[in-house]
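Student: Please take a close look at a single residue here. I would like its surroundings first, then the whole chain.

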Amino acid sequence: MNWKRILFLTHRWIGIGMCLLFAFWFASGIVMMYVDYPELTYAESVAAHPDLQRDRVALTPFEAARQAGEITDWQSASLAMLADRPVYRLRATDGRSATIFADTGERMERLGEQGALAVAATSGLRSGAAEPEHLGLIEVDQWTITGSLNPSRPLHKVALNDSAGTVLYISERDGRVVRDTTGRERFWNWPGSTVHWIYPLAIRQFSGFWLQLIIWLSVIGLVSLVTGTVIGLLQLRPFARKGNRGASPYTGIMKWHHIGGLCCMVFIATFLFSGLMSVGPWGVFASATSPLPQIARYQGQLSLRLSDFSMPAPAGEPVREVNWLYLGGEPYSVSTIASGARLPDFGPDQQPDVAARISGAVPQLLPGSSLTSFELLEAYDDYYYSRHFMRQPLPAYRARFDDAEETWYHINATTGEVVNRLTRRGRLERWLFNGLHSLDFQFLRDSRPLWDLTVILLSLAGLGFSITSIVIGWRRLTR
């Protein structure tokens, strides 16, 4: 058996094994352009909170923390409503948490079914007069697979019985609404994200197995593409042969497969390769350092001293949530109002010069490196933008450093909060995954529907090529 025979057999049988999956990937990608995997967006998160009743808050953050027992090192602290009562939600540096009612100091040990129904009934996500229905207390289901929800589990599943078929997922631990789904999202995510990411619960719940499955299916797909490309080039016929003029020696569906594969090979290669990059295989995009100590230096505190904090001044609009933070060692609060805007408050005796505070604290992110540039972004660009559920606030500062990882930080210019960190590897991931997989380029994003047309046409071309593979494979198997 010579090398050509091995090449043909490898391509034939890998192609037969992968052709259906290729078709599903291209078709489901079109669905995902318009229906994302269920997520609680920022706007929905704000809407989920009732207006904060300040007059019912009887405890300071420090007094509330004293009710949490032996926990003393706090990482975050917030105040919001839980149904009709104000609560402090405190998270410790070791991952533990406490939910303290701000009117009585009572610690909430568990939310319970009635508590979950009360949260759903008072949520701004509820519309109509129908009463919410409790569907059970779960650890995980098809729409709550993501690991980011682990600190909130178990989850109460509550149907709002509205026209959209909305279902809320509410944390048993702290009473937050952490996810919502609608009937439309659930329906379209079966032919969308569930197929595209190979995301059935029966597979995805085994995260290690799922990760290796994605990696090796992508690698096998690339092998199929490379072998097919080599064969396609070898089989090109630039001159007439036996009276037939044309580039391909094949006829019928084989000719479509031959020429179509050569025309689509670049697009399909970038799709497969970027799909592989989406899971960061073999730690290729892993950072050498953690951002946590860097952000702690910027904030000026490793943990919160809750005795430093007090209630902010009343805002002109109803407040939905209050968070307490540090900036350059100075304590302050950020209030989220009903419109979604976030307002900083440094206290009645402090000047609210956020820009000066940020510029003074930024060098502490990487004190051993030089700050090479510090610029204000008032519009999105290729590295800082919002898309789908990824909300990035504007204006924002970009701080660039000359450290070994060539680190960039983006900082909310209104509140001083760190938005994200991008190292050299993170910026490479942005192009090798988002750029190649979703054609997530600024000139296309800003020119819709050009982006839609481009992605749909390329996906249809890939789908058409995959269908030729299915037909050829079926004929081979049924001989």
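Tutor: What follows starts with one tryptophan, W451, and then widens to the protein.

This is a predicted model, in which local features need pLDDT of at least 70, side-chain atom pairs count only at pLDDT 80 or more, and totals for chains, interfaces and linings use all residues. Numbering runs from 1 along each chain as its sequence is written, and side-chain values use heavy atoms, with hydrogens and water left out.

W451 sits in helix α13, which spans residues 450-477. Helices here are DSSP runs of H or I with at least four residues; strands are runs of E with at least two, and both are numbered from the N terminus. W451 counts as buried because its relative accessibility is 5%. Buried means under 20% relative accessible area, with a 1.4 Å probe and protein chains only. Leaving aside residues up to four places away in sequence, W451 touches M33, R387, S438, L439 and L444. A contact is heavy atoms within 4.5 Å. V322 lies elsewhere: its C-alpha atom is 38 Å from that of W451, and 129 residues separate the two along the chain.

Now the whole protein. It has 13 helices and 14 strands. Its C-alpha atoms fill a box of roughly 90 × 55 × 40 Å along the principal axes. Of its 479 residues, 46% are buried. Among contacts with a separation of 6 or more, 59% join residues 24 or more positions apart.

Note on methods:
Buried means under 20% relative accessible area, exposed over 50%, partly exposed in between (1.4 Å probe, protein chains only).
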